[in-house]
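Have the structure open as you read.

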Amino acid sequence: MPKKVDHEARRREIAQALWRIASTRGLDGAGLRDVAAEAGISLGRLQHYFRTKDAMLAFALRHINALADRRIRDRIEALDGEPTPREVLRTCLIGMLPLDDRSRTGALVGAAYFVRAVHDADLRAEAKNGIPHLRDFFTGQLRRAADRGELPPARATDDEAMLLISLADGLSTYLLLEVHTQEQALRLLDLHLGQLFEGEARE
């Protein structure tokens, strides 16, 4: 009886091979033949799952984002009791930073992908796809905080949510470039949250 192949699992394995190459050589060094060799399969077998490099890149980005999302959700669920909006936001923001080998690989792949996406409309659309969802989630937490009296209602906005996302993106870049240590990045993150919640709560 022929062995049943889990096609989705094989696509994930190929995506992981792509990540390993992209995290050390960038996406320009991740041709289909290179990825096939890294995954331990033939080029023809890889093309059975991904006809083009762009299709492979789009899947890899979706998969790495899904893993990051799951990791952050697990961290939120592990918080004691019912976490405050500030605790939820801090956990999310920390989860977006490259603080261990796995998240660093994800950030390196993301950086390589974004460089390519700047010049490719389809890849750029894929890269932008998750931002509104994350913004809305952050805005929801800010509004929860405002309802609890922890934040002025005027700060519970989409703009404030985007500032938090931009903070995480900027800190991620500086961590990869070793401008900041992990301790410095976390201190800056907490400084901003302190100014947002504690400073504004006194007004």
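Arg 71, Arg 75, Ile 94, Gly 95, Leu 97, Leu 99, Asp 100 and Ser 103 line the largest cavity. A cavity here is a set of points on a 1 Å grid over the protein atoms alone where a 1.4 Å probe fits but cannot get out, and lining residues have an atom within 4 Å of a point. By class, that lining has three nonpolar, two polar and three charged residues, with Gly counted as polar. Helix H4 (53-77) and helix H5 (85-95) each supply at least two of the lining residues; helices are DSSP runs of H or I, at least four residues long, numbered from the N terminus. The volume is about 30 Å³, taken as the space filled by probe spheres set on the points. A search of the whole structure finds one cavity of 30 Å³ or more.

A word on ground rules: this is a predicted model, where local features need pLDDT of at least 70, side-chain atom pairs count only at pLDDT 80 or more, and totals for chains, interfaces and linings use all residues. Residues are numbered from 1 along each chain as its sequence is written, and side-chain values use heavy atoms, leaving out hydrogens and water.

Now for the annotated stretch. An unreviewed UniProt entry puts "domain: HTH tetR-type" on residues 8-68, and such annotations may be inferred rather than shown by experiment. Over residues 8-68 the chain is 80% helix and 0% strand (strands being E runs of at least two residues), with the end C-alpha atoms 18 Å apart.

Finally, look at helix H1 (residues 7-25) and helix H2 (residues 32-39), which pack at about 115° with their axes 8 Å apart. Axes are lines fitted to C-alpha atoms over the stretch in contact, and angles run from 0 to 180 degrees between N-to-C directions. H1 and H2 are therefore roughly perpendicular, a label for angles of 65 to 115 degrees.

Conventions: 1 Å grid on protein atoms, 1.4 Å probe; cavity = no way out; pocket = protein on both sides within 12 Å on 5 of 7 lines; lining within 4 Å. Parallel < 35°, antiparallel > 145°, perpendicular 65-115°, else oblique.
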